[in-house]
Amino acid sequence: MQSAYRVNEIFYSLQGEGCHAGTPAVFVRLSGCNLRCPFCDTDHSAATPMTADEILAAAAAHPARHVVFTGGEPALQLDEALLSAFRRAGYYIQVETNGTFPLPVALIDWVTCSPKFEFTEPRLPLRLERIDELKVVYDTTNRMELYAPGSPHLPVAPAHHTLQPCDTGDPTRNAAITSAAIAYCLAHPRWRLSLQTHKLLAIP
Ligand code: SF4
């Protein structure tokens, strides 16, 4: 008998953020998170039990073969059985994680790690063996030296770096944060600006 995963929602949209922004993708939002970030804008508490086959069938109802496992924190549930089911079906697999739990990265095409250790106590270390994209939520108070090459806070060197303005809910403050993020990228061109385009476009 297949084990059940706690699924918050499955929906089809464009990837709004990061290096894959604009890519049509099926989003599988898994329920639950081990962190409590002050700016968290995701309701990931509701859960429907679904097997791997049921999740795959729901995803396959949409034409894209790019799946994004997100949360909450997907690494709390994401295992080889679920990832292998999507690999066998030919999916490009992206995972968005806070990085505090290990993941079977050999089964994942793209690991987006968005560390939250600046915003939560205790500061849990990153436990990933590969980071394709380091996505930092920027609110101008970040200690960017934590993400510098050779930082002891990074277990591996990320392939790509994206800086994403934090959505504070206050338009005036958001504009100031975005301006500061642009200035930071221009001064530190290792970083690429990531906008939450799905919010700008008012799509899921
Ligand atoms: S890690 Fe992500 S999902 Fe979890 S509380 Fe923080 S922002 Fe929310």
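Thr-112 has Glu-133 in S7 as its bridge partner. The structure is a predicted model, in which local features need pLDDT of at least 70 and side-chain atom pairs count only at pLDDT 80 or more, whereas totals for chains, interfaces and linings use all residues. Residues are numbered from 1 along each chain as its sequence is written, and side-chain values use heavy atoms, with hydrogens and water left out.

**The sheet**

An open sheet of mixed pairing is formed by 9 strands in the order S3-S1-S2-S4-S5-S6-S7-S8-S9. Its edge strands, S3 (48-50) and S9 (191-193), each pair on one side only. Neighbouring strands are turned by 30 degrees against each other on average, direction ignored; the axes are lines fitted to C-alpha atoms, and angles run from 0 to 180 degrees between N-to-C directions. Strands are DSSP runs (E, at least two residues) numbered from the N terminus, and two of them pair if DSSP finds at least two bridges between them.

| Strands | Sense | Bridges |
|---|---|---|
| S1 (residues 5-14) and S2 (residues 24-30) | antiparallel | 7 bridges |
| S6 (residues 110-113) and S7 | parallel | 2 bridges |
| S7 and S8 | parallel | 6 bridges |

On the side of S8, the bridge partner of Leu-134 is His-161.

Buried means under 20% relative accessible area (1.4 Å probe, protein chains only). In a regular strand the side chains alternate between the two faces of the sheet. Both faces of S7 are covered, with Glu-133, Lys-135 and Val-137 buried on one side and Leu-134, Val-136 and Tyr-138 buried on the other.

Asp-139 lies in the loop between S7 (133-138) and S8 (160-165). Asp-139 is buried yet has no salt bridge, and the nearest side chain of opposite charge, Arg-173, is 4.8 Å away. A salt bridge requires a side-chain nitrogen of Lys or Arg within 4 Å of a carboxyl oxygen of Asp or Glu. Leaving aside neighbours within four places in sequence, Asp-139 is in contact (heavy atoms within 4.5 Å) with Phe-119, Cys-166, Arg-173 and Ile-177.

**The nonpolar core**

The largest nonpolar core has 44 residues, and those with the most contacts inside it include Phe-69, Phe-86 and Trp-191. Such a core is a set of buried Ala, Val, Leu, Ile, Met, Phe, Trp, Tyr and Cys residues joined through side-chain atoms within 4.5 Å. Not counting residues up to four places away in sequence, Phe-69 touches, among others, Val-28, Leu-30, Phe-86 and Ile-93.

Technical notes. Helices (H or I, at least four residues) and strands (E, at least two) are DSSP runs, numbered from the N terminus. Buried means under 20% relative accessible area, exposed over 50%, partly exposed in between (1.4 Å probe, protein chains only). Lys and Arg count as positive and Asp and Glu as negative; His and the chain ends are not counted.
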